[in-house]
Amino acid sequence: ETGVTQTPRHLVMGMTNKKSLKCEQHLGHNAMYWYKQSAKKPLELMFVYSLEERVENNSVPSRFSPECPNSSHLFLHLHTLQPEDSALYLCASSRYRDSSYEQYFGPGTRLTVT
Amino acid sequence: ILNVEQSPQSLHVQEGDSTNFTCSFPSSNFYALHWYRWETAKSPEALFVMTLNGDEKKKGRISATLNTKEGYSYLYIKGSQPEDSATYLCALNYGGSQGNLIFGKGTKLSVKP
């Protein structure tokens with residue numbers, strides 16, 4: 001276990017639904033991340049939060065809306081998604097180690113948009 | 001656009017074989033290199049963080065080397081075991097805020113007993 005949990009682990013939603021992904025870290029880290037992994041593509045960074053402030057938004061469509069209410073929790077709110085948004089969504093948190101930020105990942109939410 | 005390349009894409013070896021794979025990255029944007037091990041249905045697990053040219057790190061039967069001047073890192077597994085079967089990811093920290101990482105597609109290793 002990495003100390004980062006994600007719920008739900010699997011989600012099937014229609015294009016008109018609204019749902020939220022939740023991430024929680026119990027490691028005392030102060031930065032959290034959302035990544036997307038589509039089939040045959042590398043992990044792509046979506047959002048970065050540092051001390052609850054969004055510091056990076058990698059040109060992600062507005063149908064994905066992140067929220068970081070405190071340093072332990074991160075949400076990804078989903079609405080009017082497209083089938084091409086079906087992917088594995090991974091959350092991570094980080095600590096500074098060996099001159100870099102070592103990221104700890106959750107197990108991911110497998111999202112299917114129908 | 002920064003690109004991290006990993007090769008081979010997949011690898012099948014017999015138990016007991018030693019193996020290695022490559023991660024290539026643009027040397028002009030180097031801050032740190034991370035290696036992760038990702039088993040199916042589990043979380044990616046951090047293996048190494050490497051920052052200095054010539055760095056060599058070891059964890060049990062797994063080791064990694066780094067050449068920042070030519071932009072590559074090798075991961076070695078000595079005496080592969082079935083439990084080593086996983087996807088091995090490398091990621092470049094190019095110095096962005098909070099150590100943003102650019103990942104390669106990974107090398108999927110299968111070790112047959």
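Guide: What follows takes these features in turn, beginning with the conventions. This is a predicted model, in which local features need pLDDT of at least 70 and side-chain atom pairs count only at pLDDT 80 or more, while totals for chains, interfaces and linings use all residues. Residues are numbered from 1 along each chain as its sequence is written, chains are lettered from A and ligands numbered from 1 in the order in which they are written, and side-chain values use heavy atoms, with hydrogens and water left out.

Visitor: How many salt bridges does the rule find across the interface of chain A and chain B?

Guide: A salt bridge is a side-chain nitrogen of Lys or Arg within 4 Å of a carboxyl oxygen of Asp or Glu, and the rule finds zero of them between chain A and chain B. A polar contact is a pair of N or O atoms within 3.5 Å, where within protein one must be able to donate a hydrogen and the other to accept it, and residues adjacent in sequence count only if both atoms are side-chain atoms; four residue pairs across this interface are in polar contact, both residues being at pLDDT 80 or more.

Visitor: Which residues of the largest nonpolar core touch the most other members?

Guide: In soluble globular proteins, nonpolar side chains tend to be buried together. A nonpolar core is a set of buried (under 20% relative accessible area, 1.4 Å probe, protein chains only) Ala, Val, Leu, Ile, Met, Phe, Trp, Tyr and Cys residues joined through side-chain atoms within 4.5 Å. Of the 23 residues in the largest one, those touching the most other members are Phe25(B), Trp35(B), Phe48(B), Leu75(B) and Tyr88(B). Beyond its neighbours within four places in sequence, Leu75(B) is in contact with residues including Trp35(B), Phe48(B), Ile62(B) and Tyr88(B).

Visitor: Is Gln6(A) buried or exposed, and what lies 2.9 Å from a polar atom of its side chain?

Guide: Gln6(A) is buried, its relative accessible area being 3%. A polar atom of the Gln6(A) side chain lies 2.9 Å from the backbone nitrogen of Gly108(A), and the backbone oxygen of Tyr89(A) is 3.0 Å from a polar atom of that side chain.

Key. Buried means under 20% relative accessible area, exposed over 50%, partly exposed in between (1.4 Å probe, protein chains only). Contact means heavy atoms within 4.5 Å.
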